[in-house]
Amino acid sequence: MRVIICEDEIRQQQFLHKEIMNYASFHEPSIEVVLCTNTPDEVFTYLESKEADCYFLDIELNHPLSGMEVAMEIRRLDPLATIIFITSHADQLKLTFTYKLAALDFIVKETPDQIASDVREALQAAFTKYKQLGEIDHPAMIQIAIGERIKNIAMQDIYFIESSSIPHKLALHERNGYYEFYGKLVDFENVDLSFFRCHKSYLINLRHVKEINRKDRIVKMTNGTECIISFRQLRELQKRLLDLPSTDQEIWMDERKNHANNRTRDCN
Amino acid sequence: MTTTFFLLSLLNFLIIYGSIFYVMQLKVTIQRVLSCLLVNTIVSLLAVQFPQSLWIPMICSICFSSGIFYLLTRQQIVLVHLVTIHIISILAEYTALLFVEALNLSVFIHGSLIIIQVVFVVILYKRLLLYYKKDIRFSIQSRIVLTVIVCITFVVFYAMVFVPFGNKELEVSVATLLLLFFYFFIMVGLVSILLHTIGKENRAHEKMVEQQQFAMYMQALEQVNRDMQTFRHDYANILLSLRGYIELEDMEGLRNYFQEEIVKVEQRTLFKNQVFSQLDRLQLVEIKGIIATKILLADELGIPFNVEVPETIEVISINKIHLSRILGILIDNAIEASASMEQPCINLAFLTVSKKSVIVIENRFAGDIEFDRLFEDGYSTKGNDRGKGLPAVRSILSSYPSIIFNSRTEDQWMIHEIVIEGANEHASHHM
């Protein structure tokens with residue numbers, strides 16, 4: 001993963017460089033700093049001929065372009081860029097940067113220790129994202145765009161997806177959230193083996209089935225919500241539940257544990 | 001006999017259900033058509049059973065169909081549509097019958113006359129509905145009045161058309177028909193006036209809310225202004241004390257004084273000022289007031305409340321009363337969750353991203369939340385009566401087809417995102 005640092009304060013710049021190299025040598029040797037500069041102009045020149053994957057960008061640069069504009073330009077040159085902003089002001093527009101520029105992280109300069117730990121976390125998140133980009137058919141994710149920000153939702157965290165009374169609007173229930181988006185349930189039926197369309201309006205994740213009430217044709221999910229089963233799908237649902245390989249279940253548990261460990265903190 | 005019966009039934013089916021699907025803008029699926037066909041068959045059979053009292057199948061048709069369509073759309077207005085369509089069909093049928101009898105035309109022309117009239121009137125009806133869409137949608141009383149008027153009209157029409165049916169003199173019929181048309185148009189006129197008045201009243205109400213919000217905003221601004229004044233007043237004293245430390249060359253004392261007295265105390269004033277300058281770009285008077293008041297409330301409780309409005313925002317495509325209610329609930333929840341925290345923080349942003357308005361509100365929280373229960377009535381991490389707002393927010397927002405509402409937790413942050421389609425993109429940046 002190629003990293004570019006753009007920070008006009010020399011001491012901070014060196015500090016960042018050192019922290020990133022440290023992280024690289026201990027955890028991910030494939031991370032390298034390809035450019036370390038104090039002006040965005042050099043970044044633009046670099047991008048004319050070469051490519052990078054991850055940018056550490058100071059917002060308050062001594063430059064005619066504002067941090068926002070620099071980031072927009074980088075986005076234009078490199079749409080997949082992972083941008084991490086660094087600022088000395090806590091009151092900078094964090095949400096604006098996250099939602100308008102899809103910034104991966106936002107580091108506020110307070111104490112060296114805090115900066116160092118934030119940089120490590122950001123690097124880890126960036127590297128996870130970088131790896132995912134490499135695996136083109138990365139399986140277990142559904143992506144939802146909110147503004148420019150992309151939210152990845154892991155398949156195994158999804159309880160169920162339901163259609164709403166408004167045409168084409170779907171609601172997704174997940175371990176930590178509730179999301180709405182436009183689409184059709186049919187398009188999600190085959191994205192994962194454990195998804196099952198048990199009713200016209202419900203696509204459930206079989207891994208999260210807690211119990212089935214055959215009399216009232218209701219399936220209760222692990223989070224306590226109840227979904228309706230259509231008459232014709234009841235038998236099929238029971239069959240599919242039995243067919244779920246148990247070894248798979250264990251793998252899935254492991255994956256989930258890993259996932260919990262690696263959880264990106266792209267929000268903060 | 002059976003073929004005419006079949007044809008009539010089919011005609012009835014096309015007129016009633018075709019119109020209702022068109023007016024309600026429903027998607028035609030096989031299931032829906034079949035259920036309508038079933039109702040239609042029952043109604044037709046009833047009509048054959050009681051040829052002398054046609055009101056029985058009529059009433060049944062209205063009841064069953066409104067039941068079905070209510071289940072499909074969850075809108076009470078469907079009853080009004082159905083009764084209106086029945087009235088229109090009665091009128092059309094009656095007129096066509098008169099023409100046919102007077103000019104001795106064939107049954108085929110009879111049928112097509114009915115269809116042409118119905119299509120024409122239904123299209124007009126749809127136009128009228130679109131024109132008054134907002135007033136009907138947001139006012140319960142207008143819906144009730146509409147339903148009552150339409151039902152009375154239906155009874156009157158029925159009585160006039162079907163009761164003196166034995167009397168076959170043409171002149172009488174023409175007179176009745178003219179009377180009915182007269183009545184129909186008067187009713188249309190009256191309903192338009194009524195809706196117009198209700199619309200006006202709604203707008204007046206909105207204006208009032210806007211003014212209230214404006215007054216709240218002004219009060220908040222005055223508060224900030226007063227703070228700034230005290231700051232300026234203290235300024236002279238602060239400079240004097242600083243001078244004292246400098247003259248004594250007491251660097252340690254100066255540092256302490258600066259950290260403790262100036263930075264901590266005045267940062268809040270300046271911070272508030274900065275937040276209000278962001279709020280300035282939000283050109284929606286209706287919601288400025290509520291946000292300003294909540295900022296001051298959070299400030300009193302010592303909760304940092306960031307507001308981000310990077311671009312001027314003039315339009316957000318949502319009813320402003322709804323928006324201020326939603327924001328009120330979400331901000332209140334955030335403040336409530338922050339109250340007992342060590343390092344609370346609330347962020348609120350109004351953004352425009354690719355022609356969409358994005359409103360984000362997030363707050364830090366401590367402890368665990370059962371996410372799916374947040375939206376249940378009466379659930380709250382604090383127990384008791386709190387946390388009632390979220391289901392209300394969701395139910396308000398779910399009535400808008402072009403609004404997306406996401407909620408989630410992420411590393412001890414509670415995040416709500418509202419994406420509203422149709423915003424004006426402003427080129428100007430104020431970073």
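**Notebook: strands, cores and the A–B contact**

The model I am reading is a predicted one.

**Entry 1**
β14(A) and strand β15 (residues 226–228) of chain A run antiparallel and are joined by 3 bridges. Within this pair, Val219(A) stands opposite Cys227(A). I then went back one strand. Strand β13 (residues 209–213) of chain A pairs with strand β14 (residues 218–221) of chain A in the antiparallel sense, over 4 bridges. Here I noted that Val219(A) is the bridge partner of Ile212(A). β13(A) and β14(A) also form a hairpin with 4 residues between them, and Arg217(A) in its turn has a positive phi of about 50 degrees.

**Entry 2. The parallel sheet of chain A.**
I next traced an open sheet of 5 strands in chain A, with the order β2-β1-β3-β4-β5 and parallel pairing. I recorded β2 (32–37) and β5 (105–108) of chain A as the edge strands, each pairing on one side only. On average, neighbouring strands of the sheet are turned by 15 degrees against each other, direction ignored. I checked one pair in detail: strand β1 (residues 2–6) and strand β3 (residues 54–58) of chain A share 4 bridges in the parallel sense. Tyr55(A) in β3(A) is the bridge partner of Ile4(A). I also noted helix α2 (residues 40–49) of chain A, which lies across β1 and β2 of that chain and runs at about 135 degrees to β2(A).

**Entry 3. Nonpolar cores.**
Which residues touch the most other members of the largest nonpolar core? I found Tyr55(A), Leu57(A), Ile83(A), Ile84(A) and Phe85(A), in a core of 85 residues. The largest share of this core, 7 residues, comes from helix α11 (residues 320–338) of chain B. Another core, of 28 residues, lies apart from it and includes Cys36(B), Leu82(B), Ala96(B) and Phe157(B). I then listed contacts of Ile84(A), leaving out residues up to four places away in sequence: among them are Tyr55(A), Leu57(A), Leu104(A), Asp105(A), Ile107(A) and Ala122(A).

**Entry 4. The contact between the chains.**
I turned to the contact, which takes 30 residues from chain A and 31 residues from chain B. On the chain B side, the elements giving two or more residues are α9 (251–279), β1 (305–308), β2 (346–353), β3 (356–364), β4 (403–410) and β5 (413–421). β4(B) gives the most to this side, with 7 residues. By class, I recorded 15 nonpolar, 8 polar and 8 charged residues on the side of chain B that touches chain A. Strand pairing also crosses between the chains: strand β10 (residues 177–182) of chain A and β4(B) run antiparallel, joined by 2 bridges. In that pair, Gly177(A) has Arg408(B) as its bridge partner.

**Entry 5. Confidence.**
The model has ipTM 0.72 and pTM 0.67. Chain B averages a pLDDT of 79, and 88% of the residues score at least 70. I marked residues 379–387 of chain B, where the pLDDT is below 50; this stretch has 11 contacts in the model beyond near neighbours in sequence. The pLDDT is also below 50 over residues 424–431 of chain B, a stretch with 18 contacts beyond near neighbours in sequence.

Terms used. Residues are numbered from 1 along each chain as its sequence is written. Chains are lettered from A and ligands numbered from 1 in the order in which they are written. This is a predicted model: local features need pLDDT of at least 70, side-chain atom pairs count only at pLDDT 80 or more; totals for chains, interfaces and linings use all residues. Two residues are in contact if their C-beta atoms, placed from the backbone, lie within 7 Å. Ala, Val, Leu, Ile, Met, Phe, Trp, Tyr, Cys and Pro count as nonpolar, Asp, Glu, Lys and Arg as charged, and the others, Gly among them, as polar. Two strands pair if DSSP finds at least two bridges between them. A nonpolar core is a set of buried Ala, Val, Leu, Ile, Met, Phe, Trp, Tyr and Cys residues joined through C-beta atoms within 7 Å. A residue is buried if 20 or more other C-beta atoms lie within 10 Å of its own, exposed if 12 or fewer, and partly exposed in between; C-beta atoms are placed from the backbone. pLDDT is the predictor's confidence in each residue, from 0 to 100. Axes are lines fitted to C-alpha atoms, for helices over the stretch in contact, and angles run from 0 to 180 degrees between N-to-C directions.
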